Amino acid sequence: MAFVEAMLFEFPRTQLAQSDPQKWDAEWEALFKNKPVLCDVNYLFHTESQFRNPLRSMDVLYRSYQIFLISTCTIQQRIGHLSILHGAELDEKWTAASVSDREHHALRALSGVCTIAKNLNDARAYCPRELRLERMTKDPKVMLDLLRSIVPGKEYISKPPETPYYIPSDDWDALAKKKETSATEMGKVTHATMLMLRTKLIYLVVECTFHSLIGKDFPEVVVLKNKAVPIPKEAKSSGPNPIREMIMGKAAAKATEKEDIKAVKERARQRQIICQACGAAQSPDGPRFMQCSACRSKMDRLITYCSPACQKAHWKIHKPTCGKPMTFESIAESSRIMNGRVGNQASSSSSPPQPDRFAIGPPVGGFKRSRALELHIRRLAEFNSKKADLFLRCGPTPKDDLAFQFPAEPKEIRELCLAARQAAMTRGDRPTIAVLCHFVLWALVTGSMPGIGYAVDTMSQEFEYPLSALKADILEQQAKQSADPFARPPLLGSVPALNWGAFVNSASIDRNAKVTF
């Protein structure tokens, strides 16, 4: 019954975001509160994969995913530039602003972004928690944490990241695990495209909110024409939607249909043909851009260039997908070449690229980060993540800070360390904090590094974990390590004994070292 009820409902209309943002947001709020099934990720996925996407070719779906991937990574790079140029100003102004002022900037960004394209408007249903106006504006730390989690490392100042940082969500993560093994190819590309569109929408809203805050114009968002052949006439709507007629009545449905057609035509006029190499847009009055003949004739795909020089310059990037069916592997290869990572090995997986493992997400589950922890996370984001996984205070002043790295090999040890850091810094989970802090201090002791007293004091302040309680819990972890027959720290207790022994021997670690206070 809930599914049937959902099928009889429409999302707030795109044009309303422009004409009456307050009413549009109120309609979304009513939907979130009264029709939660419409924002259920399983329902949304089912609707896309079973009803909408079967009408499109697989190549159109892959091309949409590729466009979203490239544009989202570019937006993340822009957000990094914004943070570098205005980070302190954004922090100060957003924190000092009243709730009503923050609401003004956030609603202006939300409505402005969702006016750009219908898919961005409808993707607000993918963010029933993240893009609620009250949540975005009541506590200033929420948006600032979101901004910091998106900011890429310094290595992405000159070129965008290969894959964006995905905003964590229990529902979306659960769906991803389910689709890893059970989904068809269409199911996988549908899920990847939806997730990328969700990420793009959140990024744009964050970017535009902070642009509004400091009086900057919103960045231009180009909506591409990505299909070479027009939709056949017989496939187009021939009248009002019968479901809409059932709900609204024939006269009202007809009037609404006219408004929608007008809005669709206006958005279509705003779509642009751009050069794939330099990004120049084709002028309505200027010469037509060149098209890749192989892509058009073989794949019905629109790939355009403003000049032979641009086509030649773009060839290495375009070659993996030229005139061929797209796959996640070919899209990832093009992305690596575009971003100067030609030496990276292509993934053998038929799934979309995985999120950046270095990124630390926003707090979840009601966890409130301390100011000290926020600064630590920002520092990690601004620092090259390949050179520091944590900063440890090993002396009385910031000059004594150590850029600490988790072991690079074996991979399973690094994965456990990164997972613990993520849980500690996003959830504030105290057992995980104690286990992580013990491992870090133990690593300092095995390396004969001084200053573990300063390090544990700083950890106590960052996690707002009373010093006496943290020390007691760390010593409890030390007792567990001493009781382990292979002297494994509790954080690494799941590492097989042979792998642990090989790691200890290769790194010349004194397995009898102990943390004491």
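Is threonine 304 buried or exposed? Threonine 304 counts as buried, at 4% relative accessibility, where buried means under 20% relative accessible area, exposed over 50% and partly exposed in between (1.4 Å probe, protein chains only). The model is predicted: local features need pLDDT of at least 70, side-chain atom pairs count only at pLDDT 80 or more, and totals for chains, interfaces and linings use all residues. Residues are numbered from 1 along each chain as its sequence is written, and side-chain values use heavy atoms, with hydrogens and water left out.

**Overview and confidence**

- The protein chain has 23 helices and four strands; helices (H or I, at least four residues) and strands (E, at least two) are DSSP runs, numbered from the N terminus.
- Of the 517 residues of the protein chain, 49% count as buried.
- Contact means heavy atoms within 4.5 Å. Among contacts in the protein chain with a separation of 6 or more, 71% come from residues 24 or more positions apart.
- pLDDT is the predictor's confidence in each residue, from 0 to 100. Its mean for the protein chain is 82, and 82% of the residues reach 70 or more.
- Confidence is lowest in helix α1 (residues 2-7), at a mean of 44, and highest in helix α6 (residues 99-116), at 96.
- Over residues 1-8 the pLDDT stays under 50, and the model has 13 contacts beyond four places in sequence for them. Residues 228-238 also have pLDDT below 50, with seven contacts in the model beyond near neighbours in sequence.
- Where pLDDT is low, the predicted coordinates should not be read in detail.

**Threonine 304**

- Threonine 304 lies in strand β2 (residues 304-305).
- A polar atom of its side chain lies 2.5 Å from the backbone oxygen of isoleucine 274. A polar contact is a pair of N or O atoms within 3.5 Å; within protein, one must be able to donate a hydrogen and the other to accept it, and residues adjacent in sequence count only if both atoms are side-chain atoms.
- Leaving aside neighbours within four places in sequence, threonine 304 is in contact with residues including Ile273, Ile274, Phe289 and Met290.

**Nonpolar cores**

- A nonpolar core is a set of buried Ala, Val, Leu, Ile, Met, Phe, Trp, Tyr and Cys residues joined through side-chain atoms within 4.5 Å.
- The largest such core has 69 residues, and those with the most contacts inside it are Trp24, Tyr126, Leu131, Leu201, Val206 and Phe210. Helix α11 (residues 185-213) gives the most to this core, with 15 residues.
- A second, separate core of 46 residues includes Ile360, Leu380, Leu392 and Trp500.
- Leucine 131 is in contact with Leu110, Arg124, Met136, Leu201, Ile202 and Val205, leaving aside its neighbours within four places in sequence.
- In soluble globular proteins, nonpolar side chains tend to be buried together.

- Helix α9 (residues 140-150) is largely enclosed by the rest of the structure, because 10 of its 11 residues are buried. Among them are Asp145 and Arg148.
- At the start of α9, a side-chain oxygen of aspartate 139 reaches to within 3.0 Å of the backbone nitrogen of lysine 141.
- Leucine 175 lies in helix α10 (residues 170-182) and is buried, with a relative accessible area of 1%.
- Histidine 191 lies in helix α11 and is buried, with a relative accessible area of 8%.
- Leucine 175 and histidine 191 are 16 residues apart in sequence and 8.5 Å apart in space, C-alpha to C-alpha.
- Beyond four places in sequence, histidine 191 is in contact with Phe45, Trp172, Leu175 and Ala176, and leucine 175 with Val41, Asn42, Phe45 and His191.

**Aromatic rings**

- Rings of Phe, Tyr and Trp (its six-membered ring) pair if their centres lie within 6.5 Å; planes under 30 degrees apart count as stacked, over 60 as edge-to-face and the rest as tilted.
- By this rule the count comes to 10 aromatic pairs. One of them joins phenylalanine 404 and phenylalanine 406, edge-to-face, at 5.9 Å centre to centre with 85 degrees between the planes.
- Both phenylalanine 404 and phenylalanine 406 are buried.
- Ring pairs also link Phe439, Trp442, Trp500 and Phe503 into a cluster.
- The charged end of arginine 430 sits over the ring of tyrosine 465, 4.3 Å from its centre; this requires NZ of Lys or CZ of Arg within 6 Å of the ring centre and within 35 degrees of the ring normal.
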